[in-house]
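Welcome! Have the sequence and the 3D view ready.

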Amino acid sequence: MRTRSPLIDTAELAWLGEFAEPAPHTAAELAAVIDLLPSRSSAVTVGHSRDDASRAAAAAFSAAWRALGGTVLTTVDWPEAAASWLRSAKRMTADAPDAWVVAAAPLGFAQLARRLRHSTAWEPSRTIAFASLRDSRLPALATDLGGLRGATAGGDTWEVRGRWVRTISTGRS
C-alpha cells in the first residue's frame, strides 16, 4: 500500500486559479448522464459536493434513475476541504456499485478522487459525471482519471483520456 498522502498540497494548488461554482444542471445534461450508464438495471452510488447545484443535480438524477427502475444504493456527500476524504471514499465504494454518478465542484472531487484511487477499488471508467467536472485542469490535478465520462450542459458527452478532457458531439446541442 502506498504511504504518501494523496492529498493535493498547497504548492500544487497555487497554479490552478479559482474554480467556478457548479452551475445548475440542465434537462439535456441529466438525460445524457442517464444515457451514459451501462444499463437501466445498474445499481449506482451517487456522490456530490455540498453546494446547491451539485445537491440538486444528484437529487434530480436519483429521482429520474429510480423512476426508470434503477437502483441507487447510497448517496454520499463531501466537503470542499477535509482532512483526508477517507470516510467519503469508503462510503462511495462500500456497496460495490455497478457505476458511480457524480455531481461536484472540481477541487473537492479531485481530492476525493485521489483518495478513492489511493485507498479503494474505485474505477474512474465506471464513473459518470455532470458538466461541472468537465474542467481541463481536473486530470492533471486528480491524476489517473482515464475513462471518467460525463455530460455537458447541452447534452453532449466528454471523457478523460490520459491528461486530456475530450468533448464528444452527440448531436443534441
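Helices (H or I, at least four residues) and strands (E, at least two) are taken here as DSSP runs, numbered from the N terminus. Please keep in mind that this is a predicted model.

**Exercise 1. Find out how many helices and strands the chain has, and in what order they run.**

Step 1. Counting the runs gives six helices and seven strands.

Step 2. Look at how contacts span the sequence. Of those between residues at least 6 apart, 67% join residues at least 24 apart.

**Exercise 2. Describe the largest nonpolar core and say which elements build it.**

Step 1. Start with a general idea: in soluble globular proteins, nonpolar side chains tend to be buried together.

Step 2. Here the largest nonpolar core holds 24 residues, and Trp78, Met92, Phe109, Leu133, Leu138, Leu145 and Leu148 have the most contacts inside it.

Step 3. Two or more residues each come from β2, α4 (86-93), β3 (99-103), α5 (106-119), α6 (138-142) and β6 (157-161). Helix α5 gives the largest share, five residues.

Step 4. Zoom in on Leu148. Setting aside neighbours within four places in sequence, its contacts include Phe109, Pro124, Leu138, Trp158 and Glu159.

Step 5. Finally, look for a second, separate core: it has 19 residues, among them Val33, Val44, Trp65 and Ala99.

**Exercise 3. Work out which parts of the chain the salt bridge between Arg50 and Asp77 ties together.**

Step 1. Check the distance: the closest N and O atoms of Arg50 and Asp77 are 3.3 Å apart.

Step 2. Arg50, at 42%, is partly exposed, and so is Asp77, at 26%.

Step 3. For another example, turn to Asp35 and Arg40, whose side chains meet in a salt bridge at 3.8 Å, N to O. Asp35 has a relative accessible area of 43% and is partly exposed; Arg40, with 39%, is partly exposed too. The structure holds six salt bridges.

**Exercise 4. Decide whether Glu159 is buried or exposed, and trace its salt-bridge network.**

Step 1. Locate Glu159: this residue is found in strand β6.

Step 2. Buried means under 20% relative accessible area. Glu159 has 10%, so Glu159 counts as buried.

Step 3. Follow its partners. Arg161 and Glu159 meet in a salt bridge of 3.2 Å, N to O. Through salt bridges that share partners, Glu159, Arg161 and Arg166 are joined into one network.

Step 4. Look at the side chain of Arg166, which makes a polar contact of 2.4 Å with the side chain of Glu159.

Step 5. Complete the surroundings: neighbours within four places aside, Glu159 is in contact with Leu148, Arg149, Trp164, Val165, Arg166 and Ile168. Leu148, listed here, is also one of the residues with the most contacts inside the largest nonpolar core.

Definitions and conventions. Residues are numbered from 1 along each chain as its sequence is written. This is a predicted model: local features need pLDDT of at least 70, side-chain atom pairs count only at pLDDT 80 or more; totals for chains, interfaces and linings use all residues. Side-chain values use heavy atoms; hydrogens and water are left out. A salt bridge is a side-chain nitrogen of Lys or Arg within 4 Å of a carboxyl oxygen of Asp or Glu. Buried means under 20% relative accessible area, exposed over 50%, partly exposed in between (1.4 Å probe, protein chains only). A nonpolar core is a set of buried Ala, Val, Leu, Ile, Met, Phe, Trp, Tyr and Cys residues joined through side-chain atoms within 4.5 Å. Contact means heavy atoms within 4.5 Å. A polar contact is a pair of N or O atoms within 3.5 Å; within protein, one must be able to donate a hydrogen and the other to accept it, and residues adjacent in sequence count only if both atoms are side-chain atoms.
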